[in-house]
Amino acid sequence: MKAHQCHTLGEPDVLRLTDVPDPVAAPGTVIVDVRACGINFPDGLMVAGNYQTKPPLPFTPGSEVAGVIRAVGDGVEGLNVGTRVLAFCGIGGYAEQVSVPASQVFAIPGSMSYPDAAGFSVTYGTSYHGLVDRAGLAAGERLLVLGAAGGVGLTAVEIGRALGAEVIAAASTAEKLALCEEHGASTLINYAECDLASELKTRERIDVVYDPVGGDAAQAAIRALQWGGRYLTVGYASGDIPKVGMNRLLISSASLLGVLWGAWAKRNPAENASNMRQLLDWYEHGLLVPHVSRTLPFDAASEALNIVMNRQAAGKVILVRD
């Protein structure tokens with residue numbers, strides 16, 4: 001089979017389309033014939049050698065796929081050859097086939113397209129885990145989402161709305177904010193045109209902050225937390241890991257919560273499966289509408305990853321195979 005492999009760490013352009021052996025279904029795993037693959041910011045960090053997971057070279061990036069089960073290993077129950085699925089694979093997704101632990105593979109509804117499914121598990125899984133498992137976001141609370149038009153940000157907007165929260169979306173352009181409004185945000189902040197700290201001071205206090213961006217916005221957001229507020233640190237797409245003053249947490253009795261969904265999902269497969277069932281149910285009922293901004297052909301992996309790493313996409317970028 002063919003796979004986009006990283007033989008040298010660097011920019012997305014280092015990826016090379018290479019012939020590699022077909023995977024074999026080991027016990028407890030399934031082989032997925034990949035029809036579409038989601039592109040995620042951590043993929044690019046991994047290729048650059050800047051992610052906490054550092055697979056040995058060469059490796060194939062790609063943490064989530066959708067396709068059809070090609071083979072099933074011993075001991076696997078409830079998944080059959082020919083079933084349409086989405087899968088969280090961690091690495092290996094930029095390929096024609098991938099081996100995935102069965103606990104991380106989920107049948108998809110008949111109404112779900114492969115591009116929608118390929119961009120579903122990481123972003124929605126991360127946001128649901130952060131907002132529900134970590135922050136305990138409740139109906140009527142006020143949620144601020146930074147980088148709200150990005151891959152995970154937009155899913156946080158939708159999940160916040162589904163949970164009955166009031167969602168405040170912060171993004172850098174009017175076009176991105178219009179997309180956030182379409183997906184459920186009730187208040188919009190363009191932080192390219194205003195001082196975020198000053199803007200937040202004019203509003204009621206925030207119960208939960210969802211931050212996949214980091215950088216200067218973090219300081220403004222943490223100061224806006226309500227008594228007992230929760231700050232979710234999800235990622236650092238700005239390239240700047242913020243230094244949070246512990247005193248700000250102390251004076252508002254606030255909590256700083258890390259969200260590393262992939263590692264949590266592997267350690268807690270039953271809980272993650274329950275979360276995924278809820279998310280797929282919401283999808284079937286129209287509460288979640290994945291926004292795929294770009295689809296590119298399978299051989300354009302470097303181009304697709306460059307788009308994501310340069311923050312040029314609203315929603316998801318997906319590689320598709322014919």
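How many of the 14 residues of helix 3 are buried? For helix 3 (residues 121-134) the count is 11, so this helix is largely enclosed by the rest of the structure. Here buried stands for under 20% relative accessible area and exposed for over 50%, with partly exposed in between (1.4 Å probe, protein chains only). Helices (H or I, at least four residues) and strands (E, at least two) are DSSP runs numbered from the N terminus.

A word on the source: this is a predicted model, in which local features need pLDDT of at least 70 and side-chain atom pairs count only at pLDDT 80 or more, while totals for chains, interfaces and linings use all residues. Residues are numbered from 1 along each chain as its sequence is written, and side-chain values use heavy atoms, with hydrogens and water left out.

Now for the overall picture. The chain carries 11 helices and 15 strands. Its radius of gyration is 19 Å, which agrees with the value near 20 Å that a compact globule of 322 residues would have; the radius is taken over C-alpha atoms, and the globule rule is 2.2 Å times the number of residues to the power 0.38. The C-alpha trace spans about 60 × 40 × 35 Å along its principal axes. Of the 322 residues, 54% are buried. Taking contact as heavy atoms within 4.5 Å, residues 24 or more positions apart supply 67% of the contacts with a separation of 6 or more.

After the helix comes Gly136, with a positive phi near 60°. The loop that runs from helix 3 to strand 8 (142-146) holds Ala139, and Ala139 is exposed at 59% relative accessible area. Setting aside residues up to four places away in sequence, Ala139 touches Leu163, Gly164 and Ala165. Leu279 is 140 residues from Ala139 in sequence, yet the C-alpha to C-alpha distance is 17 Å.

Gln97, in strand 6 (residues 97-101), makes a contrasting case: its relative accessibility is 8%, so Gln97 counts as buried. Beyond its neighbours within four places in sequence, Gln97 is in contact with a set of residues that includes Met1, Asp22, Ile31, Val34, Arg70 and Gly92.

Helix 7 (residues 216-223) has Ala217, Ala218, Ala220, Ala221 and Ile222 buried. These buried residues pack against strand 8, helix 6 (196-201), strand 11 (206-211), strand 12 (225-233) and helix 8 (246-251).

Finally, the cysteines. With a disulfide taken as a pair of cysteine sulfur atoms within 2.5 Å, the count is 0. Cys6 is in no disulfide, and the nearest cysteine sulfur, from Cys37, lies 15 Å off. Cys6 is buried, at 0% relative accessibility. Cys180 is likewise in no disulfide, with the sulfur of Cys194 as the nearest cysteine sulfur at 14 Å. Cys180 also counts as buried, at 0%.
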